[in-house]
Amino acid sequence: MDLKYANRTAVVTGGSSGIGLATVRKLLEEGANVALCARTEGRLMDVASVLKRDYGDGRVLARALSVLDPEAMNAFAAEVKQTFGRCDLLVNNAGQGRVSTFADTTDDDWRAEYELKLFSQIHPLRAFLPMLNEAEGAVVAVNSLLALQPEPHMVCTSSARAGVQNLLKSLSVELAPEVRVNSILLGMVGSGQWTRRFAEREDQNQSREEWYGNLARKKGIPLGRLGDPEEAAAAITFLGSHAASYITGAQLEVSGGLSRSI
Ligand code: NDP
């Protein structure tokens, strides 16, 4: 299948690690130029120099910034325009989950979580929308199954993620027909928080496969394992591509069958 990424430009927020980084690599392999951002400059620049070595200096642009800073996001968009001249795909991936029950979530926690989940969509979209409109491009948002299947131990993340799905549905109508807006709903992917928890496991002799396998059984994942970042990246790359040209307002579950809804 030709995804037609040659001579296209993609922007990936949170591109220095996990699913974001796997998506950056996949898009570069498919022929796109890629601009990525994340907050921690050292890690981002280390990643960027490896990407430039692997795929060519002129195809990668990296900037350290927070998606919660609209000025920085606007400056990033201007730099992408100057460097690549266009933006065909925006992947809103930056973020993290918050583990807390209602009892131990403060008002400040609620505000911070809603700010992260909603403005990590809103600021990048505002900044890149003129170029996306011009290119008749696409947005792919990385969200979680928690939006449909809330977990009491992640109460504010679940609730904010449901709000994001609602926002994306409105955007898919308002931005049509120029810009398509889709999302993936992740179950458990072996990156980010799961990598950190594996590193802190009680029995340090347990291998990654054993630890992830036990976790998958405990959570009742039908495919019996956590997903790999590359499996999430494949779904993102498809939804952002020409191959998905008649798909907008859709949510694709990437969860190994964890969802019980039809
Ligand atoms: P990682 O922690 O591996 O990567 C997160 C990336 O986002 C990093 O590059 C991080 O870099 C960046 N980031 C975080 N906050 C900001 C910010 N405010 N501005 C810019 N960049 C930011 O996470 P994963 O790859 O596991 O997760 C990717 C996305 O998928 C996240 O939004 C996560 O919530 C979501 N998700 C993941 C699941 C999983 O099982 N892995 C399940 C459900 C959802 P830096 O810290 O330097 O800014």
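The legends below describe close-up views of a predicted model. Local features are reported where pLDDT is at least 70 and side-chain atom pairs only at pLDDT 80 or more, while totals for chains, interfaces and linings use all residues. Residues are numbered from 1 along each chain as its sequence is written, and side-chain values use heavy atoms, with hydrogens and water left out.

**View 1. The largest nonpolar core.** A nonpolar core is a set of buried Ala, Val, Leu, Ile, Met, Phe, Trp, Tyr and Cys residues joined through side-chain atoms within 4.5 Å. Buried means under 20% relative accessible area, exposed over 50%, and partly exposed in between, with a 1.4 Å probe and protein chains only. The largest core has 32 residues, and Leu27, Leu36, Leu51, Leu89, Ile184 and Leu186 touch the most other members. Helix H2 (residues 41-55) supplies the largest share of this core, five residues. Helices (H or I, at least four residues) and strands (E, at least two) are DSSP runs, numbered from the N terminus. Another core, of 27 residues, lies apart from it and includes Cys37, Leu65, Met73 and Leu171. In soluble globular proteins, nonpolar side chains tend to be buried together.

**View 2. The surroundings of leucine 89.** Contact means heavy atoms within 4.5 Å. Beyond its neighbours within four places in sequence, leucine 89 is in contact with Tyr5, Thr9, Ala10, Val11, Leu27, Leu132, Ala138, Val140 and Gly240.

View 3. The ligand is surrounded by 28 residues, of which Ser17, Arg39, Thr40, Asn93 and Ser191 are the closest; a residue is near a molecule if one of its heavy atoms lies within 4 Å of it. An N or O atom in the side chain of serine 17 is 2.6 Å from an oxygen atom of the ligand. A polar backbone atom of asparagine 93 is 2.7 Å from a ligand oxygen atom, and for a backbone N or O atom of valine 189 the distance to an oxygen atom of the ligand is 2.8 Å. Taken alone, the ligand exposes 880 Å², and the protein buries 93% of that; accessible areas come from the Shrake-Rupley method with a 1.4 Å probe. Helix H1 (18-29), strand S5 (138-144) and helix H6 (192-199) each give two or more residues to the shell, and H6 gives the most, with three residues.

**View 4. Asparagine 33 in strand S2.** Asparagine 33 belongs to strand S2 (residues 33-38) and is buried, with a relative accessible area of 19%. Apart from neighbours within four places in sequence, asparagine 33 is in contact with Arg8, Thr9, Ala10, Gly58, Arg59 and Phe84.

View 5. Serine 172 lies in helix H5 (residues 155-174) and counts as buried at 5% relative accessibility. A polar atom of its side chain is 2.7 Å from the backbone oxygen of lysine 169. With neighbours within four places in sequence left aside, serine 172 is in contact with Val181, Thr248 and Gly249. In the loop between H5 and strand S6 (180-186) is proline 177, joined to alanine 176 by a cis peptide bond with omega about 0°.

**View 6. The segment before strand S1.** Lysine 4 is found in the segment before strand S1 (9-13). Its phi is near 55°, a positive value in a residue other than glycine, and lysine 4 is partly exposed, with a relative accessible area of 42%. Asparagine 7, in the segment before S1, has a positive phi near 65° and counts as exposed at 66% relative accessibility.

Technical notes
Polar contact = N/O pair within 3.5 Å; in protein donor to acceptor, adjacent residues only side chain to side chain.
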